[in-house]
Amino acid sequence: MSFIQVDKPRPHVTRITLNRPERMNAMAFDVMVPLKEALEEVGFDNDTRVVILTGAGEGFCSGADLEDPGYLSIFDGLTMPGIARRAMRVLDDVIKAIHDMPQPVIGAINGAAIGGGFCLAMATDIRIASERAYFRAAGINNGLTAAELGLSYMLPRAIGSSRAFEIMLSGRDVSAEEADRIGLVSRVVSPEALLDECCQLAERISGFSQLGVEMTKQLMWAGLEAGSQQSHMHYEGHAQLFVRMTTQNFEEAIKARKDKRSPVFKD
Ligand SMILES: C/C=C/C(=O)SCCNC(=O)CCNC(=O)[C@H](O)C(C)(C)COP(=O)(O)OP(=O)(O)OC[C@H]1O[C@@H](n2cnc3c(N)ncnc32)[C@H](O)[C@@H]1OP(=O)(O)O
């Protein structure tokens, strides 16, 4: 049985599902290596315009697999440094693959997002949560650091430093309702409505210029790291010019406006 399922619930929308519900989709090697491969593969798929990342069963992802020798070795890095480094590398690669893929990734957070699972959720571009979802920076509960896999970078940017410090240092659960209130997720829906809600958003995004969407994603991430607004505006300007000059999208938008119809973008 494959621990990663890839399917297309709607045209141009690819869903990647962590499929190990009996372990709440914990991050074993056998889950994370195929996840990395699937993300890279889907990133090269011209027919995919939006990706949905979710978990099977009750949980989204319960973090490092506490029964997998590879991941347990993260907690015993001195005696098994090679395997521990490899385990961390695969997790880093998964986060990087999400950022690098041209398509936006919607995290459909269906349940518990714990430790590395919280980090995985925060690596997605947009998060929509089920009422069942909750988040915990569990590294701290395990006697380690909660600052892992980009969480200490992403969380303060998403919700502000005081809330991020408090959540990371207390190791407490953040409910879906609180996550919605503090801006950790875009919205919360019933478990039954989660896929449909994500698909509706994905379909809306799919209707826009593929190049425009890709550039927007990359510029949003670059904006989080930009040294100054001035230098970032320079970068934005060049990207806008590139899309304008290399596609007929803007002409189509103007024509569609005149014809009183929705534009159909080809690039
Ligand atoms: C670099 C990355 C670092 C990190 O990620 S550090 C964080 C590591 N993760 C954790 O510390 C979380 C450990 N798990 C839990 O605390 C709880 O579970 C949950 C809060 C996720 C869910 O609790 P509940 O709803 O009560 O379910 P349940 O009965 O505890 O779990 C269902 C089955 O899933 C297995 N499981 C859950 N999480 C993990 C995991 N992380 N590694 C291995 N197995 C896990 C359990 O053992 C159990 O299985 P069975 O029914 O056979 O007892």
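The C-alpha centres of domain 1 and domain 2 lie 28 Å apart. Domain 1 covers 4–205 and domain 2 covers 208–259, with bounds that come from an automatic or database domain assignment. This is a predicted model, in which local features need pLDDT of at least 70 and side-chain atom pairs count only at pLDDT 80 or more, while totals for chains, interfaces and linings use all residues. Residues are numbered from 1 along each chain as its sequence is written, and side-chain values use heavy atoms, with hydrogens and water left out.

**Between the domains**

- Nine residues of domain 2 are in contact with 20 residues of domain 1 (contact means heavy atoms within 4.5 Å).
- About 1,100 Å² is buried between domain 1 and domain 2, and carbon and sulfur atoms give 51% of this area; buried area is the accessible area (1.4 Å probe) that two parts lose on being put together, summed over both.
- One salt bridge is counted between domain 1 and domain 2 (a side-chain nitrogen of Lys or Arg within 4 Å of a carboxyl oxygen of Asp or Glu).
- Lys217 forms a salt bridge with Asp125, and their closest N and O atoms are 3.1 Å apart.

**The side of domain 1 that touches domain 2**

- The residues on this side of domain 1 are ten nonpolar, five polar and five charged; Asp, Glu, Lys and Arg count as charged, Ala, Val, Leu, Ile, Met, Phe, Trp, Tyr, Cys and Pro as nonpolar, and the others, Gly among them, as polar.

**Around the ligand**

- The ligand is surrounded by 18 residues, and the closest are Ser62, Ala64, Leu66, Gly116 and Asn142 (near means a heavy atom within 4 Å).
- A backbone N or O atom of Ser62 is 2.9 Å from a nitrogen atom of the ligand.
- For Ala64, a backbone N or O atom lies 2.8 Å from an oxygen atom of the ligand.
- A polar backbone atom of Leu66 is 2.9 Å from a nitrogen atom of the ligand.

Note on methods:
Polar contact = N/O pair within 3.5 Å; in protein donor to acceptor, adjacent residues only side chain to side chain.
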